[in-house]
Each structure stands twice: as C-alpha cells, then as structure tokens.
Amino acid sequence: MNRSDTDPLPSSDLFNKLGGITRQLHDALSELGYTPKLHDALNELGYAPKLQGAVEKLPDARSRLQYIARLTGEAAEKVLNLVDEAKADQLEITRQARELDDTIARVPGLSAAMPELRQMAQAITQASERNDARLTEIMLAQDFHDLTGQVVARVVQVAATIEEQLLALLLESAPAGKPGQDHVLVATSLQGPVVTPEGRTDVVTDQAQVDDLLASLGF
Amino acid sequence: MATPMKFLIVDDFSTMRRIVRNLLKEIGHADADEAEDGAIAINKLRNGSFDFVVTDINMPNMNGFELLAAIKKDEKLKHLPVLMVTAEARKEDIVMAAQGGAAGYIVKPFTKATLEEKLANIVKKLGL
C-alpha cells in the first residue's frame, strides 16, 4: 500500500529522519569548529560510527569561530590605532592652518594684496576638520566587531540548542526505548543585534524609535 | 564644551570600549575607566569615584540589567546616571531599562551626535 504525503510517518522512519537531521547538524557544527557534547551519545545509539574519525580530525572546539573573532578584533584594533595617529596629525594640521591664517591677517596690507593666502589657509582648516569628522566615522564603523561577534555567538548558541533538543527527542523516541534527556535548554533572554527587523513589531530599528518609546513612558 | 565628568565604560568588547572612550574624549570627557562586564564594573564603582556609567547589556558574568539593578540598590551608587548603549533592540528591553532606572538608551550602531545629544539631555535633566 502506498503512503500519501499526509499520512504520518511510521515511528521507525521518523526516528531515522530525526537521526539524519541530527547527524547533519552535528557535522555542520563540527565544520564550524564547534564540537558538540553529544558525540558519545550518538555513538551509543549507533549513529556515529564514522563521526569518531571526523571529529578527531577537527580543530579544537570553537577554534574556528575564535579565529574569526580574533582576526576581526585585530583588524578593528589596527584601524583604531591608525585613526588615533591620523587624528593627532589632523589636529596639528588644523592648528597650524589657523595659525597661518592669523599670521597673514596680522601682516599689514598682505591680506588685501594677496587675499588668496588667507583663503588657502582657511580651506586647509576646513578640509582638515572634514577629514577629522570622517576619521570619527571610520572609528565608529569598527563597531562591526562587536555586532558581528554577538551574531556569530548567537547563531552557534541557537544551533547547539537545536542539536541538543533533537538528541533529546531521539533518545526519547528510540525504538529500543532508551531513556531520554528530558531537559530543555533555556534560551537566553537577550537577543543581540536584530539581523532582519522587517515585519517585526517587537523591536526598534533606529534611535528615533527608541526615543519615541522612552517618551511614551515619560522619559 | 561639556563639564568634565568621570565615566565608567562597561562592555565585553574592547573595540567598543575604545570607541566609546574616544567619542567621550572628543565630546570633552577625557576622564574614563573601563570594565569588561557588570561584575568588574560594580567592583570598580564601589571602590572608586565616578559620575556616569555607560554600559552594554549583553555581557558575561553580570549583564547590563543586573548591573543597573545593583547600582540602583546601592545607597552610595544609586544616584549615578546609567546610559545603556546596546545592540538589544527589543521594545521590552528598552522598557525594562527605563523601569529599572536607566537614564538613557542608545541602540548600536550609533553616531557621535546621538551619544552627545543623549549625554547632554541627561546632564540637563539631572542638573549635573
């Protein structure tokens, strides 16, 4: 007899599918350098005779993510160091351009004879100030290290939670009737950066919305 | 130029602490110390003298909400204004911060103008 798509899967099929999903998730996490705790449990269930070798070849747990975090952190620090140096130079250029402008202004007749001298000094001051503002923007843009780091950590946490819960489900529904791990991981209440705010009404998308919400609370 | 105050910047990311510190310096507040999480922060606050706290929320050991609660429970510290600077953008988090006694809330990523404006508002409101 053929089974229609709407018929429920036999329990053995469901168990096998769950096992397959769990193994794929395990592989995906391992590829990320995240070594889950359930390797032994999968072995016990007969799901991971080949996983042992694969896991052993993998780098230390979380090392790849730590590598990403370290490189992005180092890049951000390098930029911040250069911005600090550039800002100090920019400040000095601004100071000297202003001094030059004042000096020209103090020489009798010079401003009238050569007005372009003061115009040049003032143009240098203005350009220097614009560059300083750009350097501040470059400095602020380094917050990507914080924001992306939080997102990566969150993704790993969610994946690990799903993996653990899938394992618990597998253990509970195993044909051999193995006792399940009935605990459910408690997800952290903090969510980190909102990656896709579209269609969500529970989050704010900019500072103006924060201000509006606080104002509505009397702040 | 703003009246100089001593700030404690609390964030688990050193990059962000440095950014906030540099911005505060540009705004006119060069006197600042840093803490990596709420637990370190509350220790520094109890053993030091600060005028203002700028804190992240999502941190290990003691998060920003827990730090805020600890500050507001402490008789010697409860007067300190606490500005939350965080990626947490859920409305319930903003409401929780406001109800917990935060003086302001800024969502990352933010601009220098936003930080300057919020600081000025708090200083004016609290008469610092």
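Modeller: pLDDT is the predictor's confidence in each residue, from 0 to 100. It applies here because this is a predicted model.

Biologist: Which elements of chain A have the lowest and the highest mean pLDDT?

Modeller: The lowest mean pLDDT among the elements of chain A belongs to helix α3(A), residues 51–57, at 42. The highest belongs to α6(A), at 95.

Biologist: And what is the mean pLDDT of chain A as a whole?

Modeller: For chain A the mean is 75, and 64% of its residues reach 70 or more. Over residues 50–61 of chain A the pLDDT is below 50, and this stretch has 16 contacts in the model beyond near neighbours in sequence. Residues 177–187 of chain A also stay under 50, with 14 contacts beyond four places in sequence. Where pLDDT is low, the predicted coordinates should not be read in detail.

Biologist: What is the mean pLDDT of chain B?

Modeller: Chain B has a mean pLDDT of 94, and 98% of its residues reach 70 or more. For the complex, the predictor gives an ipTM of 0.78 and a pTM of 0.72.

Biologist: How many helices and strands does chain A have?

Modeller: Chain A has 8 helices and 0 strands. Of its 219 residues, 16% are buried. Among contacts in chain A with a separation of 6 or more, 70% are between residues 24 or more positions apart.

Biologist: Now chain B. Which residues of helix α4(B) are buried?

Modeller: In α4(B), residues 91–99, the buried residues are Asp93(B), Ile94(B) and Ala97(B). Seen down the axis of α4(B), they fall within an arc of 100°, so they line one face of the helix. Glu92(B) and Gln99(B), on the other side of α4(B), are exposed.

Biologist: What do the buried residues of α4(B) pack against?

Modeller: They pack against α8 of chain A, together with α3 (64–73), β4 (82–86) and β5 (104–107) of chain B. Just after α4(B), Gly101(B) takes a positive phi of about 105°.

Biologist: How many bridges join β4(B) to β5(B), and do the strands run parallel or antiparallel?

Modeller: There are 4 bridges between β4(B) and β5(B), and the two strands run parallel. The bridge partner of Met84(B) is Tyr105(B), while Val85(B) stands opposite Ile106(B). From β4(B) the chain crosses through α4(B) to β5(B), in a right-handed β-α-β crossover.

Biologist: Which strand pairs with β4(B) through 3 bridges?

Modeller: That is β3(B), residues 52–55, which runs parallel to β4(B). Val54(B) has Leu83(B) as its bridge partner. The crossover from β3(B) through α3(B) to β4(B) is right-handed.

Biologist: Are the residues of β4(B) buried or exposed?

Modeller: All are buried: Val82(B), Met84(B) and Thr86(B) point one way, and Leu83(B) and Val85(B) the other way. In β5(B) both faces are covered, with Gly104(B) and Ile106(B) buried on one side and Tyr105(B) and Val107(B) on the other.

Technical notes. Residues are numbered from 1 along each chain as its sequence is written. Chains are lettered from A and ligands numbered from 1 in the order in which they are written. This is a predicted model: local features need pLDDT of at least 70, side-chain atom pairs count only at pLDDT 80 or more; totals for chains, interfaces and linings use all residues. A residue is buried if 20 or more other C-beta atoms lie within 10 Å of its own, exposed if 12 or fewer, and partly exposed in between; C-beta atoms are placed from the backbone. The arc is that of the directions from the helix axis to the C-beta atoms. Two residues are in contact if their C-beta atoms, placed from the backbone, lie within 7 Å. Two strands pair if DSSP finds at least two bridges between them. A crossover is right-handed if, with the strands pointing away from the viewer, the path from the first strand over the helix to the second runs clockwise.
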